[in-house]
Each structure stands twice: as C-alpha cells, then as structure tokens.
Amino acid sequence: MSRMTRPLAGAAVLAAAALLAAGCGSGFNSNNSQPAQKTGPASLQILIASSGDAETAAVKQAAAAWAKSSGNKATVTPAQNIDQQLGQAFAGNKPPDVFYMDASKVADYASVGALYPYGNKVNNPNDFYPTLRAAFTYKGTFYCAPKDFSTLGLVINTDLWSKAGLTDADLPTTWNQFTTDLQKIKAKGIVPLAVSPSHDRVDAFIKEAGGSIVDKSGKPDADSPQNVQALTYVQGLLKQGLMKYSSQLDTGWGGEALGTGKAAITIEGNWIEGAMKSDYPKIKYEIAPMPSGPAGPGTLEFTQCWGVSAKSKNHAADIAFVNAMTAPQQQLAFAKAFGVIPSRQSVQATYEQQFPTDKAFLAGAPNGVGPVNAPKVSDVLADYDTQLTQLAKTSPSAVLSRLQTNLTSALGG
Amino acid sequence: MASVSTPPVVGGGSAATSAAAARRPRRPLGRRRGRYPGEATAGWLFSAPAVVLLIVFLLVPILMALWVSLTGWTGQGSPFAGGVPFAGGTNYAQLLVRPGLEREDFMTSIRNTLYYVLLVVPLQTGLALFLAMVVNQRRLMGRTFFRTAFYFPSVTSSVAISILFLFMFTGTGAINTLLGFVGIRGPSWFNDSDGLLHLILGGLHIVDPNSPPGALANHGLLGLSWWEWLSGPSVAMCAIIMLVVWTTSGTFMLIFLAALQDLPMDVEESSILDGANVWQRLWHVTLPQLRPQVFLVITLGLIGSWQVFDQIFIISQGGPDKTTLSPAYLSYTTGFGDQQYPAGAAMSFVLFAIIVVMTLVQRFLLRDKDDGRERRAERRLRRSMRREGTA
C-alpha cells in the first residue's frame, strides 16, 4: 500500500457518511406537499401544554367524550416543553394533528406554512372576541380557534391599600389618578407597584397610549410618539420609586411580590388567583381594570388556540374536535375545571355570574391587544426586555428606536 | 538545591515519562508489513462495530448539522428534501460579520463565556489539586470521609445542585444571611447584572460605570463596545462560576489523586534529603511529575466550560441583561425558541472552532519543552542524514 492510503481511507469514510446522511434525509417526504385527506374514522394525536393535572384530566375527559360520540379516536398527550416537542415533531414530519398554539408563536408557525388555516370553518367564528381573532390572524388569514384567554389587570392588596387611606372610590381610571394613588401608598413607606420586568406587562401602557409595537399590517411601529409617551410615563414611575420591577424586590414575578407583601399592587392576569390561593392564602386582594391612558382603556391579552397542523391527514375530524372543545358549554366546563376565561362572547354573561371576581379581567377584553404578531422576533423581544430593565437609566426613545431597528431587520423591512 | 530544581524523573515510572516514551519511537519510513496475510482486513473487521457506531451516531449527525447550518431550513420536514434553500455562509455571516442583534447576542455570549472560562478553569484545577493533596495526606484522619465528601457534588445531578444554589443565592438566602453576620450587605446575586471589572473600576474611582469614557464606550469590536467587552463576569455569572467550580473540582480531584498515589516515594524522599521545603517540593518535584494530569484536567475543563448549558438553563436563562448567555444556551433558544435551526447550528460550529483553537493554544503553552527540544534535535539529525544520503 502507498502513503496515500490514510487520506484515501478518510475520504472513503466521509463519503460513506455523506451517503448515509443523504439516506436518512430521503426517508422523509418532500416538503410543502398537502397530504391526501383520509376518510372514515380518524385517530387524532393531540398535544397540550397543560397547566397541571386538573387541565390534563379535563381535556382528556372532553376528548374521550368527543371520540365516543363521533366514532373517532383521540389521544391527548401533555407536553413537557411544547416549543421543543412541536419543533421536533414538525422537523420529523410527524406533527400532532391538534395542539395548543400560543398567540406569540402563531406567526412563527404560520409564516412557514405549518398551520392549517381553519379559523373561519369552525362553528360561529364571529362569536370569538374580535381581539382574539386578531391575535390569531396572520397576513389577513384567521388561522385557528382561540381556546381561552386572560387579560392583565391591577391586583391590589386591600390591607395595604386601605392603610394608605385609599378606598374603592380611589381605584384609578386615569394615569394621573394612578400616580396619585401610588404616591399615597409610597408615603406610608410601602413599595406601591411591582411589575415583572417584561414587555408582557409594560406594553399595556403602550396600548393605553394608543401605540403598538407592530402595526395592523405587520410593519414595525415601535418608535411612535405614543410609545415614547407610554415609556416616559413608566420611566417616571420607576424614577420616583412608585414602581419597581419584581426582580428588584428579589421576587420571581409580580404575584410573588404581592403575595409576600413586598408591594401593594401588581399587574398580572387571572392566573394569579390560583397562586394566591395555594401560596399566599392570607393576603386579601381585589382586582381592578388597568387605568386608562391618553388613548383610553387598554390591556394585554394572552391566549392560546387549538392549532391544527397543515400536514394532518384528518382535517375534517380536526375541525370537528375543535368544535367540540370550543362549544359554549365545554368552555364553561373548562373554566370551572382549571380557571380559564372562555373565548366566546356568548358565554360571557354566564361566566361573569359564576366567577364574579373575574369581572375586572373580562372588562379588559374589548380593549386588549395580543402579543406581537410577527415571525422570528423572540430574540428581538428578549432584547427589548433587557432594555426595559434599564429604563430608569436610559431614555425611552433610545429603547424604542433600538427596538424599531431590530424589528425592521428581523422582519426584513 | 540545584539538583532539586531538575527533578530526577528517570526511573520514576510516572505517567509523564511513560507517555513520552510511548510517543518517541517514530514510525519507520515505508510501511511495516503484517506478519500474516489479511491481517489488515481482520483488523478492520474486528473494529467494524465500533467504527459503524461512531459513523452513525457521531460523524453522520455532525455532517447533518453542518449541512443544516448552511441552509435556510425552516424546521418543516426534512432539511435534506428538495425544497430547502441553500444559504451558503449567510448564517455564519450573521453571527460574525453582519451588524445586528444576532451578532450582538452571539458576541455577548462569547464574552460571558470567555470570562467564565478564564475563572472556572484555573479555579477548578487549583481547587482540585489542593483537595487531592489534602486527602492524599497519610496522616489525615477520616480520609475516606473527606474523599467522599469532596467527590459528592460531582455525582449529584447538576439540576438538583443548581436549584439548591438558586435558594442559597436569593437576596435573603443563606449566603447573604452569612454575609450579613459580618456586616456585608450581599448583592441580589442572580438578579445582579453588574460586571465585576466594572464594579472594581468604579470602586477604585478609575472609571464611572454610569458614564464610561467615550474612548471605550463609542468604539468597539464585532458589535460590542470596548466598555462592554471589558465588563468582566456579572455578579450573577460569578455565582454560577462558584457553583461550577464546587461541583467539578471533585471529579478532577479524583484524577489528581490517582496520579499522586502513583508518584514514586523515593523521589520525594530524596528531595527531602536534599533539604527542599514543602513549597519547593510542590513546585519543583510534585507538579512537574503531574504535568500530564494537569494537561488533561485543563483540556477537559476548557471543553466543558465552553459548553456550559445546564446551570444557565435552570438558574438564569441568560439573564439578567444577557450577562449569563452562553453560546450553547443561545444556540438552543435560537433553534427551538425561534425555529431558526440553521442559525443555531451555525453557532454550535463556531463554538466548536473556538474550543479547538483554545485547546491547541493550551496544548502549545503546556507543551513539554524538553520533549520539544529532543524532537527538534531528532528532526535535525534525520534531515542531515537524508541530505547525506542524497548527496
């Protein structure tokens, strides 16, 4: 053998590996082909991001009932980490038929054609709150039926509130009144407001000022005068010591700051009720709508939909399943089982009757706005969060122009 | 004294000399024929299972990832299917050349990990060596207990330890309570993004961290200003560094301990007879004999530290203010958080390149200088022999 043997053997191994890699690849179908639809009874795979045993059990029970009455099969799997599991499933060409899809991720999945846009094919689609439909609309297409939602409200420790000499008549309706209330609480040596350091809280003020991060056509609109006005207000609260980020109080989120008595008020959604009940049962609190800004009332909405994968072979059965899950009675049953607010307007009255404490959260529904509806912006928003934690030290316009630049480059103009 | 400074390693039988000896015999020119015909085939056949496993589980996935890093794959279906666009070096350019958030984030993660490695590797190597020497003492009471105690963090799950540290380092946790006893008001560790160097420079009134000099703040490299590059590890990162040093030094202690127990007694005894004190014995007798183990520990430490992931995933998720972002964690969030698998894959290959370069540099710095001299002399000799042959 010659001295060439070594490099040759190396090349042979590499070539063999490359062939193998190609072989692995060819095992999959080619992309972007619409699958042929199956007829007859279907077997649906459903992946859910469950908040706990109560939700898993309720969804499993509802799915089993649907399967029995419709003659199909439905397997519900709770995910450990739904982002990662969905990513792997789509990459491996075996996505679940139906899955929970967060509004902040819809644009990511819709932009690459992973979602089946069935929004208008479900029963009575106009019954869903218009703001929720907007949250699941990408480039003019309504993709999926909203499962449930939450809005942000002011959660107030009533003992500390009255300690500062405030009453129900002082519940803030405007930014000015809100500032005055916070000043009165601060005068008693109490941290007035604690907020999680995230755009998922602070952007509520942007909505109240009439601004938005991305406009209705999906174009970046972060450096508008309205947004500057909102962040200037928040910066003022931070500088005067009227507001602190929950991390500054050594707490993980606003609810912990409220529950441990480190702050009198926080901004959170209705998920805080469960946490207060189990972790801080002694703290008395009430919920008020967010104060109105220069452009009127506003809040943020968090919602998930029943996503259906474009590659599912059972689209008819998928829609039938979603119809069953979003039926008014079923939504009320879910609300009772694990504390979520129904996404259909037709059950609002019944829901308010059964859960009177959530009235303030529901009041936000018409004025809410969903998460930033644009693909591949999570790193941009993470950077925005970082900038927000520094807000007291920087200028609002610098924070927003940086956000605008990053959004523009992420969205390609 | 002079005799001590060049340790008599001959006949020591230490791993250092045996490793050098194994390297020394050069392969003679011209291939050695096997004793039996078909020996090579049999050799390949016997090693085939291992080779196949390596190819299928290591080489192929690496090549697949390399391919993904060169495409614009969106995570839908196979990255090898027809419709996937070829992106060439775009993903790499985004990380290294093109100004923008991607490069800034990546460079921030490189900066964080650079400081992390600079602190973790020397500290864990030093601590491991120290612990090994302590438990190697013949006079130590309860040696077995201490060996187990020091090794214990290494066998415990890194997830459990991370959560433990999360509690210890909260603002009102055990660490700050202890600091409070001696009158120090501890920082809120995992929420504190201030850089250590910034704090020191500010504390000495050399630079005001709130308004750094324009020369540093307005100029920079690869998207970060010099001031940002010079931040040092953040307080949060320092807490993670302490955690990692504490957990890994046990493993490396074991490596040092095994080597220490293998060291010949007579060398140490003769150095004692020569009048060397404890420090001289450590520096001139023990450490030179441990060179292969030091090399191993630093190499393993370097590779492991650059890939730091678990602790960050559990404790800080890159925060506060991105000061604990590491390339491995950023690669994960870019891939699975943002569905930008190609960019995530590209990051891991840049990280791979960094690790290779760092290991080569470290190898060069720690090379056996005597060995190199010998080899150069040997090469010279061979060259002159060849010249004579051709003449």
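Q: What is the bridge partner of A:Ile48 in E2(A)?

A: In general, the strands of a sheet pair through backbone hydrogen bonds, and they do so either parallel or antiparallel. In this predicted model, the bridge partner of A:Ile48 is A:Pro78 in E2(A), and this pair belongs to the link between strand E1 (residues 43-48) and strand E2 (residues 73-78) of chain A, which run parallel and are joined by six bridges. Between E1(A) and E2(A) the chain passes through helix H2 (residues 53-70) of chain A, and this β-α-β crossover is right-handed. E1(A) also pairs with E3(A), again in the parallel sense, over two bridges, and here A:Leu47 stands opposite A:Phe99 in E3(A).

Q: In what order do the five strands of the open sheet in chain A stand?

A: The order is E9-E8-E10-E7-E11 in chain A, and the pairing within this open sheet is mixed. Strand E9 (243-245) and strand E11 (285-288) of chain A are at the edges and have a single partner strand each, so one side of each is left without a neighbour in the sheet. On average, and with direction ignored, neighbouring strands of this sheet are turned by 30° against each other. Within the sheet, strand E7 (residues 153-157) and strand E10 (residues 265-268) of chain A show the antiparallel sense, pairing over four bridges, and A:Gly153 stands opposite A:Glu268 in E10(A).

Q: At what angle do helix H16 and helix H17 of chain A pack?

A: Two packed helices are described by the angle between their axes and the distance between the axes. For helix H16 (residues 378-389) and helix H17 (residues 396-411) of chain A, the angle is about 175° and the axes are 10 Å apart, which makes H16(A) roughly antiparallel to H17(A). On the H16(A) side the contact is formed by A:Val380, A:Asp383, A:Tyr384, A:Gln387 and A:Leu388, which meet residues of H17(A) including A:Val399, A:Arg402 and A:Leu403. Sorted by class, the contact of H16(A) with H17(A) has seven nonpolar, two polar and two charged residues.

Q: How many of the residues of helix H4 of chain A are buried?

A: Burial is read here from the number of other C-beta atoms within 10 Å, with 20 or more counting as buried. By that reading helix H4 (residues 103-111) of chain A is mostly covered, since eight of its nine residues are buried, among them A:Lys105, A:Asp108 and A:Tyr109. The buried residues of H4(A) pack against strand E3 (98-102), helix H5 (130-135), strand E4 (137-138) and strand E12 (299-308) of chain A. After H4(A) comes A:Gly113, whose phi is positive, near 75°.

Q: Turning to the other chain, why does B:Leu330 count as buried?

A: B:Leu330, which lies in helix H17 (residues 327-337) of chain B, is buried because 29 other C-beta atoms are within 10 Å. Apart from its neighbours within four places in sequence, B:Leu330 is in contact with B:Asp105, B:Phe106, B:Ser109, B:Leu325 and B:Met347. Of these, B:Met347 is 17 residues from B:Leu330 in sequence, while the two are 8.1 Å apart in space, C-alpha to C-alpha.

Q: What share of the 391 residues in chain B is made up of buried residues?

A: Buried residues make up 32% of the 391 residues in chain B, whose secondary structure comes to 19 helices and two strands.

Key. Residues are numbered from 1 along each chain as its sequence is written. Chains are lettered from A and ligands numbered from 1 in the order in which they are written. This is a predicted model: local features need pLDDT of at least 70, side-chain atom pairs count only at pLDDT 80 or more; totals for chains, interfaces and linings use all residues. Two strands pair if DSSP finds at least two bridges between them. Axes are lines fitted to C-alpha atoms, for helices over the stretch in contact, and angles run from 0 to 180 degrees between N-to-C directions. A residue is buried if 20 or more other C-beta atoms lie within 10 Å of its own, exposed if 12 or fewer, and partly exposed in between; C-beta atoms are placed from the backbone. Two residues are in contact if their C-beta atoms, placed from the backbone, lie within 7 Å. Angles under 35 degrees count as roughly parallel, over 145 as roughly antiparallel, 65 to 115 as roughly perpendicular and the rest as oblique. Ala, Val, Leu, Ile, Met, Phe, Trp, Tyr, Cys and Pro count as nonpolar, Asp, Glu, Lys and Arg as charged, and the others, Gly among them, as polar. A crossover is right-handed if, with the strands pointing away from the viewer, the path from the first strand over the helix to the second runs clockwise.
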